[in-house]
Amino acid sequence: MKQDLTAPVITIDGPSGAGKGSITQLVAKKLGYDLLDSGALYRLTALAAIKVGVALDDEDKVAELAASLDVAFVPGEYGEPVNVLLNGEDVTNEIRTESCGTHASKVAPLVKVRAALLQRQRDFQQLPGLVADGRDMGTIVFPNAPVKVYMTASAEERAERRYRQLKEKGEDVKIATLLSEIQERDARDTGRKTAPLKPADDAVMLDTTGLSIDEVLNKVLDLIK
Ligand code: C5P
């Protein structure tokens, strides 16, 4: 479906692990809006490249894959995460690994890849409204969004949250490794030339360090009001 410019958009940007994903889901549910997890598109692009043996720095080939991604986002049962299909195959768990996030951040600086994904992201703007989560939602993809949030938290707290999530899933991880992966990814995301991670001029800064999910949710809902 083509982008509907009359639909309101709320953008939630910030570094990895700041809690954007959970908050985006909760806000979307609360308002009955659609949701765009833009990071999933970069993760899917990287995964598609790896599956067909295209090098992650081969800009033309990765961009071609990005343009032709056959993706479906299938909402789960109430409160369940969205299932993600790539060429009909369920890759929900595969795209959520730390290594897929790292691979995504390697294809994300490629200009042609970002261009290939731009309109696909904008087409998520549909009535009754959209909550869009990413790095450049407020700056590039939806610059006219009426509500823009830039969510941060200290790298240490983000590593700790991620550690707890992965532990719950039974994954054996070291907090020091997670912290250095997060710091490396931050550096790649903020340091790149195209669409670097940074708050839009009109974004509201929200530091979630030490806050519970409910506290953050209430702050975001207050902004929307
Ligand atoms: O948000 P998530 O961790 O899923 O994103 C994975 C990677 O995709 C990020 O580290 C970033 O490099 C890239 N990304 C991006 N622009 C977005 C969303 C994600 O460059 N809007």
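Let's start at the ligand: 16 residues surround it, and the closest are Arg 43, Arg 114, Asp 136, Asp 189 and Arg 192; a residue counts as near if one of its heavy atoms lies within 4 Å. Keep in mind that this is a predicted model, where local features need pLDDT of at least 70, side-chain atom pairs count only at pLDDT 80 or more, and totals for chains, interfaces and linings use all residues. Residues are numbered from 1 along each chain as its sequence is written, and side-chain values use heavy atoms, with hydrogens and water left out.

Now for the polar atoms (the cut-off for a polar contact is a pair of N or O atoms within 3.5 Å). The side chain of Asp 136 puts an N or O atom 2.8 Å from a ligand nitrogen. Of the 450 Å² of accessible area that the ligand has on its own, the protein covers 96% (Shrake-Rupley method, 1.4 Å probe).

Which elements give two or more residues to the shell around the ligand? They are α2 (38-52), α4 (98-107) and α8 (175-191), with helices taken as DSSP runs of H or I, at least four residues long, numbered from the N terminus. The largest share, 4 residues, comes from α2.

How values were computed: Polar contact = N/O pair within 3.5 Å; in protein donor to acceptor, adjacent residues only side chain to side chain.
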